[in-house]
Each structure stands twice: as structure tokens, then as C-alpha cells.
Amino acid sequence: MGKMIYLDNAATTKTAPEVVEAMLPYFSENYGNPSSIYEIAGRSKEAITEAREQIAKVLGANSRDIYFTAGGSESDNWALKAAFEAYSSKGNHIITTKIEHHAILHTCEYLEKRGAKITYLDVDQNGIVKMEELEKAITPETILISIMFANNEIGSIQPVREIGMLAREHGILFHTDAVQAFGQVPIDVDALNIDMLSSSAHKINGPKGIGFLYIRKGVKIRSFIHGGAQERKRRAGTENVPGIVGYGVAAARAAETMEERTGKEAELRDYMIRRILEEVPYTRLNGDPKKRLPNNINISFQFIEGESLLIMLDMEGIAASSGSACTSGSLDPSHVLLAIGLPHEIAHGSLRLTLSEETTKEDADFVIEKIKEIVARLRSMSPLYEDHMKKLAKASGK
Ligand SMILES: *Cc1c(COP(=O)(O)O)cnc(C)c1O
């Protein structure tokens, strides 16, 4: 096989070589349990402290408020389930959106069975929450607003500052799933009034299976995993020391390179979007053209199946994702694409390309050419496209 072009960085990223290198000694030499008292244990403990500080710095947070977890899904589960329990004397109402990751949506469904009342806000056609609707949804029973920072499918970045202000005015906790945003856009938890924030290392060139939940001091969240006294007694279990070390390095690296890296990605993103929309007929961009993650492209191609497009791109060595995220054999189109108002048949023909710092202009040009070829080929086999063309011919013939 020739070169692979990996354009699925919203699904996961390559672990950066310096991250792997920083992790290695914590497998081979410094393998002590951080809770023990001898010297090599002390080295693990120090490494965790350093990583916690590296991460806190990126958020303008106090390192005491960073709690390591096994990833974004665990952080989301913890924030919602524990807030629901801890604030049950105040109320049972949670506000979220229709475009959240399943780690939030499925947790909400679980909580509904246990007596929670959940409002799933609509978003506008660009995938942005409407502030008036959020404000209207607040009741005296509302204990939590959980709205993602940036969407993993269409890249839309939410008005987090306004949401934080509104939550603060009403004395409601604000949690944000920032798995796609952390390390990609500047975040300051104080300036944005964020009370809880979820993140995951493997989305920012860190290792898989390690994440954190930021919990602002004063938020009454109890432990989620019971056992030992790790993570200030709030998340038991021997720490994933190599993972934590790798996460710290990945976070510091993402912050250091953010401006230049995301500037370059956004330029390439806009170049690809412009060319695809101009050179392939019957296409549309999903998500906000401006308030958008620097590396996200999500385009619908009328008259074709996203899955067929993916398979044919794979044969050309291009790794991408269907915008429709039909995981585990489900044929339902993406809940996100439906929430922005796409009809089923258009949602099915969607493609998500998420770039990395390694994506080059040559890669972009190659991918665009392949997309043009493949879309034309698939349409030439599509009865829907044929019908459409016949109708056009008839209309112009009259
Ligand atoms: C990837 C992702 C998650 C899940 O994170 P894991 O670490 O894979 O559990 C949650 N939310 C969003 C927005 C994501 O993109």
C-alpha cells in the first residue's frame, strides 16, 4: 500500500513521538505505585503533579481541580450522574442539546429513567445553540446546563461565554464536553464561567484511555469510582501514570503550537471546502462556516451514500468518516445532521474530513481529485441522480 492520508482526527489522533517518549520510562523504570512511599513511587507521584499542572495551565485552572479519568466518556458520565445526585434537593432538571456526543445523550437517557427531566435544545441550521431558547428552558428546578464546546461531527463552536454567563446569573452549574475543543481553541474556565469540563487525551495527540474532568472548587460532586483515596478521594483506582504523563505533554504541546498549527489547518480547511463546493455540484457544507473547529470539514453530497464514498476513499488510501457516524450497524443517519435540519437522504450522503498538523496541500489536492472522481462515478450508478437528470433535461427541453 502507498501512503495513507489520515483525515479522521476527530475520531482519534496519532500519539505524538515526544508523548510516547515521555511515557516510556513510566512503564520500564518508574513503575512505582504513586501511593507507595519508596523512591520510585515518589517519581510517579511527581510526574502526576507535573502533568496536572501542565493541563491546568492550558485552562487557566487550579491544578487541584483537575481529576484524571479514563477518558471523555467517563468524564461526561461522571459530571452528569454525580451532579444529578448531588443537587437532587435543588431540582431534577438538566438542559442539554440535541447535538451532544452519545456519552452525554445516552447518560441523559439513563438519568431520565431515574427521574431526571431533560430538555434537549434544538440548534440552528449551522448547529449553534439559540441563547433565547436556552434562557426560556431554565426553570427553578434546573440544576445543570451541559452543552458541548465544539461538535465532533460538524465542528460548530458554541457561544460558551454567553452560556457560562447565563448559567452563572441563574446560579446553575455549567458543564461542557470540551473533548474536541481542548487544545484546539483557547479556553479559560474562569473567563467562561465553566464549572465542569470534560477532555480526552487521544483527541490531542495523547494516548487513549486517559481523560480528565475539571471540577471547579465548591461544586458538590461526589466520587464516581469508589475505592482508594486517589484523586482527592473522588476517583479511586491506581493512577494511569504513563497515560497521565503523556496527557500532560500532549496538552502542553497542543497549547504551545495552537496558534500556528490551527492557523495552518484552518487555511487548508477553507481551501478544501471552497474547492469541493465549487467543483462538485449538489453539495452543501454542514456546520457554521466561521464558528468552526479549525480542522473540521463536513460536506453532504446529494444522490450518493456516504458509506460507499468512504469505502472508495479507503481504496485510495484515504481515511475519512461518514458524517453520519453509523456506528455499530445502525443505519440511522447522524442525530447531529438531522438536528440541523437535513433530510435523511442528504444526511446519508455526508463526509467528514478532519485534518491534522501533518496534512499538506498536496494531500488536500489529491483528496479533492479523488472525491471528484468517486462522486461522479457513484452518481453515474445512482437511479436518483439519473431521475434528477432526466427531469432537468425534460424541463429545459420544454
Ligand atoms: C471522542 C469524544 C468523546 C469520548 O471520548 P473518549 O475518550 O473516546 O471516551 C466525548 N465527546 C466528544 C465530543 C468526543 O469527540
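User: Which angle do helix α8 and helix α12 pack at, and how far apart are their axes?
Analyst: This is a predicted model. In it, helix α8 (residues 241-279) packs against helix α12 (residues 361-380) at an angle of about 20°. Their axes are 10 Å apart.

User: Parallel or perpendicular, roughly?
Analyst: Roughly parallel. Angles under 35 degrees count that way, so α8 and α12 get that label.

User: And the crossing of α8 and α12, left-handed or right-handed?
Analyst: Right-handed.

User: Which residues meet there?
Analyst: From α8, the contact uses L268, Y271, M272, R275, I276 and E279. From α12, it takes K361, A364, D365, V367, I368, E369, I371 and K372.

User: How do the residues of that contact divide by class?
Analyst: Eight are nonpolar and six are charged in the contact of α8 with α12. No polar residues take part.

User: Staying with α12, what about α9?
Analyst: Helix α9 (residues 306-315) packs against α12 at an angle of about 130°. The axes of α9 and α12 are 10 Å apart.

User: What do we call that arrangement of α9 and α12?
Analyst: Oblique, because of that angle. The crossing of α9 and α12 is right-handed.

User: How far is S73 from the ligand's oxygen atom?
Analyst: An N or O atom in the S73 side chain is 2.7 Å from an oxygen atom of the ligand.

User: And what distances for D177 and S200?
Analyst: For D177, a side-chain N or O atom sits 2.7 Å from a nitrogen atom of the ligand. For S200, a polar side-chain atom lies 2.6 Å from an oxygen atom of the ligand.

User: Back to S73. Which helix contact does S73 belong to?
Analyst: The contact of α4 with α5. S73, D76, N77, L80, K81 and F84 in α4 meet A103, I104, T107, C108, Y110 and L111 in α5. By class, that contact of α4 with α5 has seven nonpolar, three polar and two charged residues.

User: What's the geometry of that pair?
Analyst: Helix α4 (residues 72-86) and helix α5 (residues 102-113) cross at roughly 30°, and their axes come within 9 Å. The two are therefore roughly parallel to each other. α4 passes α5 in a right-handed crossing.

How values were computed: Residues numbered from 1 in each chain as written. Predicted model: local features only at pLDDT ≥ 70, side-chain atom pairs only at ≥ 80, totals over all residues. Heavy atoms only, no water. Axes fitted to C-alpha atoms, helices over the stretch in contact; angles between N-to-C directions. Helix = DSSP H or I, 4+ residues; strand = E, 2+ residues; numbered from the N terminus. Parallel < 35°, antiparallel > 145°, perpendicular 65-115°, else oblique. Left-handed = near helix turned anticlockwise from the far one by under 90°. Contact = heavy atoms within 4.5 Å. Nonpolar A, V, L, I, M, F, W, Y, C, P; charged D, E, K, R; others polar. Polar contact = N/O pair within 3.5 Å; in protein donor to acceptor, adjacent residues only side chain to side chain.
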